[in-house]
Amino acid sequence: MEKNNDMLSRINDKFNSMSKSHRAIATYISDHYDQAVFMTAAKLGETLGISESTVVRFASGLGYEGYPDFQKALEEWVKNKLN
């Protein structure tokens with residue numbers, strides 16, 4: 001359970017120091033986690049009008065090895081939220 005909260009904590013802890021694009025990603029994920037969990041980095045970027053590499057840098061900036069690692073943490077968080 002800690003790991004799942006960790007993903008949200010990482011976003012909240014770094015939100016104020018994020019770039020405008022990274023804030024947009026964080027906000028979208030918070031508001032639309034049920035959709036974001038199924039999106040590739042490319043699709044998330046396309047939805048928000050930003051580059052795929054910016055989405056990948058967002059995940060890395062939160063301390064994940066890459067977008068797939070971040071997406072796995074998001075998936076676990078969503079599973080726990082829905083249960």
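Residues are numbered from 1 along each chain as its sequence is written, and side-chain values use heavy atoms, without hydrogens or water. Because the model is predicted, local features need pLDDT of at least 70 and side-chain atom pairs count only at pLDDT 80 or more, whereas totals for chains, interfaces and linings use all residues.

As for overall form, the C-alpha atoms fill a box of roughly 30 × 25 × 25 Å along the principal axes.

Of the 83 residues, 36% count as buried, that is, under 20% relative accessible area with a 1.4 Å probe, protein chains only. The largest nonpolar core has 25 residues, a core being a set of buried Ala, Val, Leu, Ile, Met, Phe, Trp, Tyr and Cys residues joined through side-chain atoms within 4.5 Å. Helices α1 (2-14), α2 (20-31), α3 (33-36), α4 (41-48), α5 (52-61) and α6 (67-82) each supply at least two residues of this core, and α6 gives the most, with 6 residues.

Phe 58, Phe 70 and Leu 74 have the most contacts inside the core, contact meaning heavy atoms within 4.5 Å. Leaving aside residues up to four places away in sequence, Leu 74 touches Met 7, Ile 29, Tyr 33, Ala 36 and Val 37.

Key: Buried means under 20% relative accessible area, exposed over 50%, partly exposed in between (1.4 Å probe, protein chains only). Helices (H or I, at least four residues) and strands (E, at least two) are DSSP runs, numbered from the N terminus.
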